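Me: Please take a close look at one part of this model, the charged network and what surrounds it. Keep it brisk, and give the cut-offs as you go.

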Amino acid sequence: MSQNFQMISISGEIMGGTPVFIGTRVPVQTLFDYLEAGESIDDFLEGFPTVTREQVIALLEVLRKQLIAMVA
C-alpha cells in the first residue's frame with residue numbers, strides 16, 4: 001500500500017479486498033456514503049467506533065492534497 005494511504009488496508013482476506021480502515025472491517029466507501037447522504041463525520045464515527053477520527057482526517061487530507069495536485 002502506498003505510504004500516502006497508511007490508514008487503509010486492502011487484503012483479499014478482509015472483506016474480499018474491499019479497502020477498509022486499518023484495524024477494522026469498515027469499508028472506506030462507507031465513510032463516503034455517510035458524507036454523500038449529508039451525515040457528519042461524528043455520525044460516521046458514532047456508527048463505526050473502531051474507526052478513529054485521526055484515520056478519517058488523514059484519509060481526507062491525503063485525498064485533498066491529491067485533488068489539489070491534479071488541478072494545479
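Reply: Glu61, Arg64 and Lys65 are linked in a network of salt bridges. A salt bridge here is a side-chain nitrogen of Lys or Arg within 4 Å of a carboxyl oxygen of Asp or Glu. The model is predicted: local features need pLDDT of at least 70, side-chain atom pairs count only at pLDDT 80 or more, and totals for chains, interfaces and linings use all residues. Residues are numbered from 1 along each chain as its sequence is written, and side-chain values use heavy atoms, with hydrogens and water left out.

Glu61 meets Arg64 at 2.6 Å, N to O. Glu61 also bridges to Lys65, where the closest N and O atoms are 4.0 Å apart. Both pairs sit in helix H3 (53–71). Helices (H or I, at least four residues) and strands (E, at least two) are DSSP runs, numbered from the N terminus. Glu61 and Arg64 are 3 residues apart, so about one helical turn separates them. Glu61 and Lys65 are 4 residues apart, again about one helical turn. An α-helix has 3.6 residues a turn, so residues three or four places apart point the same way.

Now accessibility. Buried means under 20% relative accessible area, exposed over 50%, and partly exposed in between (1.4 Å probe, protein chains only). Glu61 is partly exposed at 29%. Arg64 is partly exposed at 42%.

The whole structure holds 3 salt bridges. One of them joins Asp42 to Arg53, with the closest N and O atoms 2.1 Å apart. This pair links distant parts of the chain: Asp42 is in helix H2, Arg53 is in helix H3, and they are 11 residues apart. Asp42 is partly exposed at 46%. Arg53 is partly exposed at 38%. Side chains of opposite charge can pair when their charged atoms come close.

Next, the nonpolar side. A nonpolar core is a set of buried Ala, Val, Leu, Ile, Met, Phe, Trp, Tyr and Cys residues joined through side-chain atoms within 4.5 Å. The largest such core has 14 residues. Those with the most contacts inside it are Phe21, Phe44, Val51, Val56 and Leu59. H1, H2 and H3 are the elements that give two or more residues to this core.

Phe44 is buried, with a relative accessible area of 0%. Leaving aside neighbours within four places in sequence, Phe44 is in contact (heavy atoms within 4.5 Å) with Phe21, Val26, Thr30, Leu31, Tyr34, Val51 and Val56.

Rings come next. Rings of Phe, Tyr and Trp (its six-membered ring) pair if their centres lie within 6.5 Å; planes under 30 degrees apart count as stacked, over 60 as edge-to-face and the rest as tilted. The count is 4 aromatic pairs. Tyr34 and Phe44 form an edge-to-face pair, at 5.5 Å centre to centre and 80 degrees between the planes. Tyr34 lies in helix H1 and Phe44 in helix H2, so the pair ties together parts 10 residues apart in sequence. Tyr34 is partly exposed at 24%. Ring pairs join Phe21, Tyr34, Phe44 and Phe48 into a cluster.

Last, helix H1 (residues 28–36). Its buried residues are Val28, Thr30 and Leu31.
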